[in-house]
Amino acid sequence: MRLFNGARPLKRWRYVGVFNEELMACAARVQIGLARQTFWAVFSRDEHRVRERTHLLRGRSAVEFEKGHMRLRDGGLLLDLRLHEDEGITARCPHGQGEVWTRKQAGITARGTLALDGGPAQKIEALAVIDDTAGYHARHTEWWWSAGVGRSAGGVPLAWNLVTGVNDPQSGSERAVWLAGEPHEVAPVAFTPDLSRICGDDGSELHFLAEAERNRRDNLLILRSDYRAPFGTFSGTLPGGISLAHGLGVVEHHDAYW
């Protein structure tokens, strides 16, 4: 895709979220026109501690991605993971005067090591979600999004990607629930302003309990962004009437002028 579509700059990113009982983490590389951003956060559930950094100019090499591999080296932390990527789901949807392409993977295996402050590397086995997006979003873009992993009440492994505000038509959206690795598009959803519930048009209701939060507000005149992304646990019912026995993941609200 071209760097600009008329006056609208291309926005593109790769975001990886990783979840297990010991930690929740995310890392991303973002491009908006000629601007670049890298960010990461690692939440230790045992210590109830969040380490995070955002780089706008220097330090962008802190996060490295290759197909099937993520390496985060920054702030006394080294997280090296192999990601068992699959085809995922794709959507291409209009937004403002442009369009947005996205590919989502959820519930894939992530294996590797984590070392903190020069200490020994510890083995990590977790489940991951991957968001690859590129598009010419509207000047003002606001979305609510959630992705996570878990098990159904019947013990079936599952994952989800739910959104409103972008890529969310009635059909052909990026909304999906994966059951035993198989994705299914689901009905539209709505998020409560405090991010504590996700309500589906089909009557489903997913509850979220935040444990830690990454948030950031930037005002760079032309670019402005207000961002919240708490990690936490989920309960209730996913769209499609799927009862959730246990869930880990993230909820996000992003309001941007870009």
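## Pockets, hairpins and salt bridges

About 280 Å³ of space lies in the second largest pocket of this predicted model, where a pocket is an open set of points on a 1 Å grid over the protein atoms alone, fitting a 1.4 Å probe, with protein on both sides within 12 Å along at least five of seven lines. Such a volume is the space filled by probe spheres set on the points, which are joined across faces, edges and corners. The second largest pocket is lined by 15 residues (each with an atom within 4 Å of a point), and those closest to its centre are Glu 22, Leu 23, Ser 44, Leu 114 and Gln 122.

A word on how to read all this: residues are numbered from 1 along each chain as its sequence is written, and side-chain values use heavy atoms, leaving out hydrogens and water. Because the model is predicted, local features need pLDDT of at least 70 and side-chain atom pairs count only at pLDDT 80 or more, while totals for chains, interfaces and linings use all residues.

E12 gives the most, with 4 residues. By class, this lining holds 5 nonpolar, 3 polar and 7 charged residues. Asp, Glu, Lys and Arg count as charged, Ala, Val, Leu, Ile, Met, Phe, Trp, Tyr, Cys and Pro as nonpolar, and the others, Gly among them, as polar.

Now turn to the largest pocket, with about 690 Å³ of space. Of its 38 lining residues, Val 30, Ile 32, Gln 37, His 254 and Trp 258 are the closest to the centre. The lining of the largest pocket divides into 21 nonpolar, 7 polar and 10 charged residues.

Next, follow the chain through some of its strands. E19 (residues 205-220) runs antiparallel to E20 (residues 223-238), joined by 14 bridges; two strands pair if DSSP finds at least two bridges between them. His 207 has Ser 235 in E20 as its bridge partner. The hairpin of E19 and E20 has 2 residues between the strands, and Leu 221 in the turn shows a positive phi of about 65°. E20 also pairs with E21 (residues 242-257) in the antiparallel sense, over 12 bridges, and here Arg 228 stands opposite His 253. This second hairpin has 3 residues between its strands, with Gly 240 in the turn at a positive phi of about 95°.

Finally, look at the charged side chains. The count comes to 17 salt bridges, each being a side-chain nitrogen of Lys or Arg within 4 Å of a carboxyl oxygen of Asp or Glu. One of them joins Asp 132 and Arg 14 (2.6 Å, N to O). It links distant parts of the chain, as Asp 132 is in E12 and Arg 14 in E3 (residues 11-19), 118 residues apart. Asp 132 and Arg 14 are both buried, meaning under 20% relative accessible area, with exposed over 50% and partly exposed in between (1.4 Å probe, protein chains only).

Glu 52 and Arg 214 meet in another salt bridge (3.7 Å, N to O). Glu 52 lies in E6 and Arg 214 in E19, so this pair ties together parts 162 residues apart in sequence.
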